[in-house]
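Please look at the structure first.

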Amino acid sequence: MLWFSRRETIHVVCRVSGEPQQRRISELFTTPSNLIKSNEAIILVNSNSTQLLPDRLPILALHNIVIFPLLAISITARQPEDIKLLLNCQQKNELIAIANQQRAGILPLTYDNIYPVGTACRISQAKLNSASQLEAVLEGVCRVSFLRLLNSGKQPQALIAGFQESGQTSDSTTQMLMESALSLLKACCAAGQPLPESATSLLDRINNPGHLADLIIIYLQPGFTIQQQALSLTNPKERLKLVHQLLYEKQKRLSQGEKPGHPEAARWPGQSGSQNLRNQNENEELVELKQKITALELDEQILKTVIKELDRLERMNPAAPDYHNILHYVEYISELPWQEKSRENLDLNKAEKILNKDHFGLDKIKERILEHLAVRQLNKDMKGPIICLVGPPGVGKTSLGKSIARAMGRKFIRLSLGGVHDEAEIRGHRRTYLGAMPGKIIQEIKRAESRNPVFMLDEIDKLGHDFRGDPASALLEVMDPEQNDTFTDHYLNLPFDLSQVLFIATANQSDPIPAPLLDRMEIISLPGYSEEEKKNIAWRYLIDRQRENHGLKNEKIAFTDEALDDIIDHYTRESGVRNLEKMIGKIMRKCARDKVAGKTIPKSITSRALENLLGPTRHHKELAAVCSQIGIVTGLAWTPTGGDILFIEAALMESEKGKNLTLTGSLGEVMKESAQTALSYLRSRSPHYGIEGDFFDKHLIHIHIPSGSIPKDGPSAGLAIFLTLLSLAGGRIADHKIAVTGEISLSGRVLPVGGIKEKVLAARRAGISNIILPRENLKNLEDLPTAARETMNFYGIETIDEAVPLAIPSLDSTRKKTIVKQPPSIKYEDATSVTSPSIINP
């Protein structure tokens with residue numbers, strides 16, 4: 001911040017023959033050489049403070065910054081010795097001499113390397129910022145001449161002398177120069193270089209020629225050499241002549257079309273601005289920065305661009321607004337890990353042990369990581385894969401990323417993309433904007449200090465987009481192995497290699513992810529855990545972790561098998577284990593309270609104790625129907641928390657005019673269409689199943705699927721709805737011990753559906769061991785736990801008619817049915833595929 005002191009007249013007290021007398025400054029400097037004698041002491045007085053000007057002052061050397069008397073300037077000191085000097089002078093209310101070096105960076109400071117005229121300054125403010133740098137405000141008091149340097153102590157001092165400066169305007173020549181300068185100044189303002197209102201009013205009131213000349217010099221900002229020349233001109237008339245010449249040249253350039261407001265011009269006093277302290281070591285810092293950039297082994301074109309910015313920095317006035325922006329830009333580039341890598345762990349056995357120790361199951365992703373490590377052993381330059389883990393909440397996608405990083409010996413970065421709407425969050429802001437910064441990708445890479453981390457893009461399916469841009473489109477370059485080796489952030493505007501980064505995205509569903517982005521990723525599905533898997537995870541990880549988290553590490557608290565079953569079935573409803581861990585944590589909190597209260601802690605948590613510990617059950621477990629009935633068939637459904645069984649019910653009533661089918665149970669449009677398709681196919685096949693031709697004209701059929709408050713949709717209930725209608729219309733009982741899933745067509749084909757693992761495990765939890773499913777879904781049985789494959793029967797069918805005798809045994813059919821009976825074990829041909837189960841055709 002630059003501003004002017006409002007002092008119109010500076011008074012001094014001079015000690016002459018021991019008697020203090022008050023005089024104007026113009027009356028004091030009367031020595032023949034225009035210099036105060038070095039053995040005299042002057043006291044500068046204003047309305048607020050009194051300041052002694054001794055014959056010697058501590059000296060601080062700047063580079064390319066001129067501080068004029070009555071000018072206040074904000075600086076930032078970085079070097080410890082400069083910070084100590086400034087703080088010491090402020091605490092003692094002492095002045096400090098500011099000199100400019102002729103050649104920066106030369107130490108120690110010598111008299112031959114400084115300009116002979118400088119400024120005595122008062123330190124009005126000084127405070128340390130968060131970066132341990134000192135922000136100080138220096139107020140120029142008067143010009144001083146440096147007689148010689150005194151090496152006393154660690155900080156050099158200068159023997160100084162003050163200059164006489166007349167404030168009289170009685171000289172006609174001086175008066176004429178002042179009027180001419182003001183006239184030229186107003187002409188420059190009219191040509192497009194305006195002054196702030198505060199400065200205009202100040203200039204109208206000034207009658208001191210020296211002050212006027214200094215103010216106009218600050219306005220023009222002609223360059224360091226001319227500024228130093230103006231500071232050295234102690235005669236106001238000579239300064240006015242210099243100012244007059246500069247204003248004339250400025251007006252001429254403006255009239256010829258020069259654009260006002262040059263970006264490197266300093267700001268007028270009263271406007272916001274900042275300047276760095278250019279002390280004797282600042283040029284060395286730029287040299288060190290250039291050496292650091294050169295040592296990064298950057299690409300030739302990148303290095304050329306950065307060196308160009310550094311050269312521009314060296315030529316710029318530190319008071320220019322763009323100076324700090326460019327400095328921050330170059331420093332940011334120097335801190336990026338252009339070549340730094342984490343040393344990878346390519347030991348497959350060690351990596352496998354870490355993955356198995358941290359997570360139970362998840363065999364596909366573990367196998368994929370081990371394959372990647374194996375390839376890395378053979379090809380060190382292989383680009384990092386782009387993996388997307390898709391699965392329900394709580395199955396361990398995020399924690400798996402940390403485990404993968406640990407297994408590979410890499411650093412881990414996590415970036416949550418949920419709710420991100422602004423493209424600049426990914427690619428950064430262009431440097432033309434105020435407050436511009438790099439995007440999150442580059443920021444996190446810089447924070448990791450490695451160019452080959454494991455980078456997790458969490459919740460990629462929850463990206464948004466609005467008028468600020470489409471972040472998903474910005475990720476296309478990041479997630480493409482063929483392009484991300486030249487990823488260009490808007491702020492850097494330089495290519496950065498991301499090809500060595502292992503990107504792992506996570507999503508609950510793949511449908512919301514844009515197709516171009518989805519196509520660039522290798523999708524690995526993480527289905528929900530079975531009951532057995534949840535119990536294994538609880539025994540191996542959750543119970544011990546929660547016991548330790550609640551201060552019960554030394555207590556032996558066990559859970560019975562029945563207790564865990566009840567927690568899973570009646571207190572949680574999820575595919576993962578997040579809520580299961582919360583329930584275990586709740587039990588541990590009650591045990592911790594009992595321990596603190598001096599009560600006995602149970603050594604075993606049983607099913608009977610759950611109601612006291614967790615309260616009433618929260619969920620009802622759907623069980624298979626007790627007996628078979630007409631018009632009720634058990635269907636299977638996939639849910640975000642796993643799978644569930646559905647009881648599809650149908651009832652007959654008298655027909656209403658123009659209506660023969662009613663659907664209830666919060667059904668979606670796709671499910672309604674499936675029901676209409678089932679009815680149409682049944683009507684077309686009525687004679688085949690012995691149903692009267694006008695049956696559907698005389699009756700209204702009402703189909704209801706319980707849990708009416710829960711929305712349901714999808715085509716996989718089509719086969720179950722058809723069997724329900726057939727059971728109702730034919731008056732035949734449907735087998736309650738069999739569950740059905742599959743999409744149907746009007747031609748009678750049974751089409752494949754998704755979520756087979758979750759649906760089968762839901763049937764098993766409900767006590768159903770016989771499943772009818774599309775033949776093309778038999779391959780999905782490989783994902784089932786061994787216990788489920790060994791204890792359940794699966795019937796693979798291709799047409800609707802094949803399912804009829806299986807679900808409604810009383811209806812005869814000559815069609816063959818395909819029964820899939822799982823053998824005790826299945827041989828694995830390789831790491832990713834399983835041989836198909838044996839097919840038995842009776």
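The points below cover ring pairs, charges over rings and a pocket.

This is a predicted model, in which local features need pLDDT of at least 70 and side-chain atom pairs count only at pLDDT 80 or more, while totals for chains, interfaces and linings use all residues. Residues are numbered from 1 along each chain as its sequence is written, and side-chain values use heavy atoms, without hydrogens and water.

**Aromatic pairs**
- The count is eight aromatic pairs (Phe, Tyr and Trp rings, the six-membered one for Trp, with centres within 6.5 Å; planes under 30 degrees apart are stacked, over 60 edge-to-face, the rest tilted).
- Phe695 and Phe696 pair edge-to-face, at 5.2 Å centre to centre and 90° between the planes.
- Phe695 and Phe696 are both buried (under 20% relative accessible area, 1.4 Å probe, protein chains only).

**A tyrosine cluster and its charges**
- One aromatic cluster is formed by Tyr329, Tyr332 and Tyr491.
- Arg431 places its charged end over the ring of Tyr329, 3.7 Å from the centre (NZ of Lys or CZ of Arg within 6 Å of the ring centre and within 35 degrees of the ring normal).
- Over the face of Tyr332 lies Lys446, 5.0 Å from the ring centre.

**Second largest pocket**
- The second largest pocket holds about 1100 Å³ of space (an open set of 1 Å grid points with protein on both sides within 12 Å along at least five of seven lines; lining residues have an atom within 4 Å of a point).
- It has 47 lining residues, and closest to its centre are Ala637, Trp638, Thr639, Gly643 and Asp644.
- β23 gives the largest share of this lining, six residues.

Conventions
Buried < 20%, exposed > 50% of the residue type's maximum accessible area, 1.4 Å probe, protein only. 1 Å grid on protein atoms, 1.4 Å probe; cavity = no way out; pocket = protein on both sides within 12 Å on 5 of 7 lines; lining within 4 Å. Points joined across faces, edges and corners; volume = space filled by probe spheres on them. Helix = DSSP H or I, 4+ residues; strand = E, 2+ residues; numbered from the N terminus.
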